[in-house]
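Subject: Structure handover

Hello,

Here is the structure I promised you. Please open it next to this email and follow along.

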Amino acid sequence: MVKKSLNIGILAFHGDVIEHEQALKKAGENLKINLNVIWTRTKKDLENLDGLVIPGGESTTMQKLCDEAKIFNEIKKIKNIFGTCAGAILLAKKVLHKTKNQKTFELMNIKIDRNAYGTQSESFEEEIETKLGNINAVFIRAPKIKSIGKNVAILAEKNKEILACEEKIGNKYYLATCFHPEFTSPIFHEHFLKHCL
C-alpha cells in the first residue's frame, strides 16, 4: 500500500514548535502518512502546504511577527489550520480583552477570551473527555471559548466550558483547542491530518 503524503507547516516564530513537530510525526506514523513538517516563517515556507499548525505562545507577538514577515494575509489562504491556545485566539473572529491594535485572522466563528484561565503560575493539567477520546489536557495561560457559531462543532467541553471545537467552511477546515495537546497525546493531530488528506 502506498502511503499518502502531506506537507504540514508549523508557524515557527515561538511557542511549542518542537512539541508540535513530535506530535505531528507520531500522528503521521499512526495514520501511515508520509509527513513533511515545515517550520514556517516566510512566504516561501507557506507554498504548497496542506495544513498549518499555529502553536501556543503569545498571540499579539505572533501577529506582529506575521506582519513583519508579510505573511499575515497569506496564512488566511491556507485551507486547513489547527490553532492551540494562542493559535486558537488567532483563528477567532471575536476576541475579548484584546490588546491595543491586536488583530486576528478572523477565520473561525468563535468568540474567545484571552488568558481567561489566569497567569502562567495558574497553569494546570487535568484529564478531559473529548469526542476523539480522553486526553490529559495542559492549560497554560489558556483562553476560554465563550461562544461558537452555528456551524462550529464542539469536540471537548467541561463544566459547560468549550475546550476544543472545529469548523468546516466550504473546502476549508479549522480546529481550535484551549489546551496544549502536543504535550500529552497525538489524537488531535491525527484528527487534523485526516482533514488535510
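Start with helix α6: its buried residues are Phe188, His189, Glu190, His191, Phe192, Leu193 and Cys196. That is seven of its ten residues, and the helix is mostly covered. Buried means under 20% relative accessible area, exposed means over 50%, and partly exposed is in between (1.4 Å probe, protein chains only). Helices (H or I, at least four residues) and strands (E, at least two) are DSSP runs, numbered from the N terminus.

Two notes on the source. The model is predicted, so local features need pLDDT of at least 70 and side-chain atom pairs count only at pLDDT 80 or more, while totals for chains, interfaces and linings use all residues. Residues are numbered from 1 along each chain as its sequence is written, and side-chain values use heavy atoms, with hydrogens and water left out.

Look at His189 in helix α6. Its relative accessibility is 0%, so His189 counts as buried. What is His189 in contact with, leaving aside its neighbours within four places in sequence? The list is His20, Ala23, Leu24, Ala27, Phe82, Pro181 and Glu182. Contact here means heavy atoms within 4.5 Å.

Now step back to Ser185. This residue sits in the loop between β12 (172-177) and α6 (187-196). Ser185 is buried too, at 15% relative accessible area. Its side chain reaches the backbone nitrogen of Ile187 at 3.2 Å. That is a polar contact: a pair of N or O atoms within 3.5 Å. Within protein, one atom must be able to donate a hydrogen and the other to accept it. Residues adjacent in sequence count only if both atoms are side-chain atoms.

Next, find strand β3 (residues 51-54). Gly51 and Val53 point one way, Leu52 and Ile54 the other way. All of them are buried. β3 runs parallel to strand β1 (residues 4-11), and three bridges join the two. Ile10 has Val53 in β3 as its bridge partner. β3 also pairs with strand β4 (residues 80-84), again in the parallel sense and over three bridges. There, Leu52 stands opposite Ile81 in β4. Two strands pair if DSSP finds at least two bridges between them.

**The core**

In soluble globular proteins, nonpolar side chains tend to be buried together. A nonpolar core is a set of buried Ala, Val, Leu, Ile, Met, Phe, Trp, Tyr and Cys residues joined through side-chain atoms within 4.5 Å. The largest one here has 59 residues. Which of them touch the most other members? They are Ile75, Ile81, Ile110 and Phe179. Helix α5 (residues 86-91) gives the largest share of this core, five residues. Take Ile75 as an example. Not counting residues up to four places away in sequence, Ile75 touches Leu11, Leu46, Leu52, Cys66, Ile81 and Phe105.

**Salt bridges**

Side chains of opposite charge can pair when their charged atoms come close. How many salt bridges does the structure hold? There are six. A salt bridge is a side-chain nitrogen of Lys or Arg within 4 Å of a carboxyl oxygen of Asp or Glu.

Three of these are worth a look:

- Glu126 and Lys158 meet at 3.7 Å, N to O. Glu126 lies in strand β7 (residues 124-128) and Lys158 in strand β10 (residues 152-158), so the pair ties together parts 32 residues apart in sequence.
- Lys144 and Glu161 pair with their closest N and O atoms 3.2 Å apart. Lys144 is in strand β9 (residues 144-148) and Glu161 in strand β11 (residues 161-169), so this pair links parts 17 residues apart in sequence.
- Lys77 pairs with Glu74, with the closest N and O atoms 3.3 Å apart. Lys77 is exposed at 56% relative accessible area, whereas Glu74 is partly exposed at 27%.

**Cysteines**

A disulfide is a covalent bond between the sulfur atoms of two cysteines. The rule used here is a pair of cysteine sulfur atoms within 2.5 Å. By this rule the count is zero. Cys178 is in no disulfide, and the nearest cysteine sulfur, that of Cys165, is 7.4 Å away. Cys178 is buried, at 0% relative accessibility. Cys196 is buried, at 7% relative accessible area.

Best wishes
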